[in-house]
Amino acid sequence: MTQNTTVKCPNCKEVFKVDDSVYTDIVKQVRDQQFQEELNNRMESANKEKQSALQLKESELKNTFQQQLADKQREIDELKFKSKSELVDEVTKKDKQIQDLQSKIERAEAEKALELQKAVNALEREKDQMANDLKAKDTEKELLEKSLNEKFSNNLAHKDETLRLKDEEIERLKDYKQKLSTKMTGETLELHCENEFNKLRATAFPTAYFEKDNDASAGTKGDYIYREQDTEGNEIVSIMFEMKNENDQTATKKKNEDFFAKLDKDRKDKGCEYAVLVSLLEADNEFYNTGIVDVSYKYDKMYVIRPQFFIPMITLLRNAGAKSLQYKSELKLMKAQNLDITNFEERINDFKTGFARNYDLASRQFGDAIKEIDKAMTNLQKTKENLLSSVNNLRLANNKAEDLTIKKLTYNNPTMKQEFDNLNKK
């Protein structure tokens, strides 16, 4: 709410009314005028202080510069008063120093040029050596390439020759196989194997049995049985052989596995350890053409071979059987040794039993003897105590005898005292 206020002018003494807004403007004008006056006063004061400081600083700088100028002037005056000879000597020394420095610079440049020339010469030699090495490497490379080419050509020619020889060998084997097949057809595979064995019987198998199996009591029979024993009659190895051959012109082709079951039965019926099928069947089957084929994954201890492995197969099985027999002999010996150990342990146990019985008897006797010794020791201890008591009594008696004096004997005995006095007078 606006209020009217009466204000009297201090100058003209006129009274007038003002409301709040007018009053506020007047107060503001008064305040702004006072602030401006204060600000002006302070700025004027600051300017004065600034001028005073500048004048003081200017005065100090003038004094300092004047002092430095005076010092320099003194130095100039002192230099002016130096003698001319001193200046000449100083110049001479400077010239000499300059000449020395010039000489050092010239020597350094000469040494630098010499080192530079040496470095250039070394680089030239290294460049020539690298060029020679590069030329040698190129020559070596050419020779190596030539050698490799010749070697490759030789290897290629050798490879071609090897291939040619292998082709010839294959043709030869095919021809041999055909001839062998034809031969087997004529004389039978059984007769061929028997002849091969008989060639070596006297030298390689002098104690071996190799004959045809003629026992068909079990319903079937094999072709040949091989057995061999050592000098003590122990069997080294036994083999049931079956030989199968088929002409290429035969209509019905047989497979090797067609005969496995019968061969396994014949082996078991005749008590043989191994079964071997000597076969020319499946001539183009690489599985059977690789050598000795182990088919024990189908039938235990059974092998299939071509005729050329007939003798090597017997040798391998015989060697394996000999080694197995050696192990069996060693095992038998170990069992016998174990039996001896058992007998030894029994004798030890008997000894322990007898020793324990004798020890018990001796222990009881020893205990009785200890008891008797303890009794004797008790008696001896009593005797010792009695002797010690006697010694003590003797010691007391001796002490009493040593303590006995004439004074004590004559004490309260006037007669004995008189007698001893008379003896002393004499």
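**View 1. Strand 6, a covered strand.** In strand 6 (residues 274-279), six of the six residues are buried, so to speak mostly covered. Here, buried means under 20% relative accessible area, exposed means over 50%, and partly exposed lies in between (1.4 Å probe, protein chains only). Helices (H or I, at least four residues) and strands (E, at least two) are DSSP runs, numbered from the N terminus. This is a predicted model, in which local features need pLDDT of at least 70 and side-chain atom pairs count only at pLDDT 80 or more, while totals for chains, interfaces and linings use all residues. Residues are numbered from 1 along each chain as its sequence is written, and side-chain values use heavy atoms, with hydrogens and water left out. Look at both faces of strand 6: Tyr 274, Val 276 and Val 278 are buried on one side, and Ala 275, Leu 277 and Ser 279 are buried on the other.

**View 2. The strands that pair with strand 6.** Two strands pair if DSSP finds at least two bridges between them. Strand 5 (residues 235-244) pairs with strand 6 in the parallel sense, over six bridges. To find your way along this pairing, look for Glu 242, which stands opposite Leu 277 of strand 6. Strand 8 (residues 302-305) also runs parallel to strand 6, and four bridges join the two. Here Ala 275 has Met 302 of strand 8 as its bridge partner.

**View 3. The buried face of helix 4.** Helix 4 (residues 260-269) has these buried residues: Phe 260, Leu 263, Asp 264, Asp 266 and Arg 267. Seen down the helix axis, they fall within an arc of 160°, so they line one face of helix 4. The arc is that of the directions from the helix axis to the C-beta atoms. What do these buried residues pack against? Their partners are strand 5, strand 6, helix 5 (286-289) and strand 8, where contact means heavy atoms within 4.5 Å. Just after helix 4 comes Gly 271, with a positive phi of about 65°.

View 4. Is Arg 267 buried or exposed? At 8% relative accessibility, Arg 267 counts as buried, and Asp 264 is buried at 8% as well. Lys 265 forms a salt bridge with Asp 269, with their closest N and O atoms 2.9 Å apart. Lys 265 and Asp 269 are four residues apart in helix 4, which puts about one helical turn between them. Lys 265 counts as partly exposed at 35% relative accessibility, and Asp 269 is partly exposed at 39%. Salt bridges that share partners also join Glu 242, Lys 244, Lys 262 and Asp 266 into one network.

View 5. The side chains of Asp 71 and Arg 74 meet in a salt bridge, 1.9 Å from N to O. The two are three residues apart in helix 1 (residues 20-80), so about one helical turn separates them. Asp 71 is partly exposed, with a relative accessible area of 28%, and Arg 74 is partly exposed at 44%.

How values were computed
A salt bridge is a side-chain nitrogen of Lys or Arg within 4 Å of a carboxyl oxygen of Asp or Glu.
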